[in-house]
Amino acid sequence: MNPAKGTHPSDPPSAEEPPPTVAPQLRALRHRAALTLESAAAAAGLSPAHLSRLETGRRQPSLPMLLALARIYGTTVSDLLGETVTERDAVVRSADMEPTRAGGWTYWQAGAAGRGMQSLRVHVPYGAQGDIVRVHPGEEWLYVLQGRLRLRLGDTAHVLEPGDSAHFDSLTPHRIAAAGRDGAELLFVHTLLQSPTAALCLGPTTIPGESS
């Protein structure tokens, strides 16, 4: 199905209420990275109009989009959300892991900010963000805790069961989706590129050899 006129293929449906701190943080971090609206949008695979809507609070970014923008701006999802960390503690207690919801996903920060990697515990509901293909420099590692996860790497599809893991180069086009209607829960670790110009493509894409 062709996108409607004036939209971009990666524009997700709008959410009801965006988190109050995301919009100003997105704009401030883009300015800090010395990126124009057009260049930042192109790096994230978004239209400038859609990024503008994120920065003005008229759209709520999904978790994959937050990860994309964090890499582009050389920061963390915590920084995008305006979360402050008083000190860099090696231990993160379960009681301190507050859930955050974005684009249907729920995630918990599983590590302190300011590191070279970011670790998350993520719940992926069935049908959420299943059409988003990501391509970006770096590495990713994930471990399935519960449910079944569908992972596509390039032209190859995998179904991961609890206890299965994957470690891959993020330049390989990849897509993550829950394989069962109960969703999937996983541990997710990715490298943070401290470069505001790091390229990342994000948006629904047809992978060669995959049928709908």
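This is a predicted model: local features need pLDDT of at least 70, side-chain atom pairs count only at pLDDT 80 or more; totals for chains, interfaces and linings use all residues.

Which residue in β10 does serine 119 stand opposite? I looked it up: valine 189 in β10 stands opposite serine 119. Strands here are DSSP runs of E with at least two residues, helices are runs of H or I with at least four, and both are numbered from the N terminus.

Residues are numbered from 1 along each chain as its sequence is written, and side-chain values use heavy atoms, with hydrogens and water left out.

Entry: the sheet. I found that β3 (residues 117–124) and β10 run antiparallel and are joined by eight bridges; two strands pair if DSSP finds at least two bridges between them. Both belong to an open sheet of six strands, ordered β1-β2-β3-β10-β5-β8, with antiparallel pairing. Its edge strands, β1 (99–102) and β8 (165–169), each pair on one side only.

Entry: the hairpin. I checked β6 (residues 149–153) and β7 (residues 156–160) next, and five bridges join them, again antiparallel. Arginine 150 has valine 159 in β7 as its bridge partner. Two residues lie between the strands of this hairpin, and glycine 154 takes a positive phi near 65°.

Entry: the core. I count on the largest nonpolar core for 43 residues, and those with the most contacts inside it are Leu51, Leu69, Tyr73, Val122 and Leu142. (Such a core is a set of buried Ala, Val, Leu, Ile, Met, Phe, Trp, Tyr and Cys residues joined through side-chain atoms within 4.5 Å; buried means under 20% relative accessible area with a 1.4 Å probe, protein chains only.) The largest share, seven residues, comes from α4.

Entry: the cavities. (A cavity is a set of points, on a 1 Å grid over the protein atoms alone, where a 1.4 Å probe fits but cannot get out; lining residues have an atom within 4 Å of a point. Points are joined across faces, edges and corners, and the volume is the space filled by probe spheres set on them.) What lines the largest cavity? Among the lining residues are Leu63, Leu67, Arg71, Trp105, Val122 and Phe188. α4 gives the most to this lining, with three residues.

Key:
On a 1 Å grid over the protein atoms alone, a cavity is a set of points where a 1.4 Å probe fits but cannot get out, and a pocket is an open set with protein on both sides within 12 Å along at least five of seven lines; lining residues have an atom within 4 Å of a point. Buried means under 20% relative accessible area, exposed over 50%, partly exposed in between (1.4 Å probe, protein chains only).
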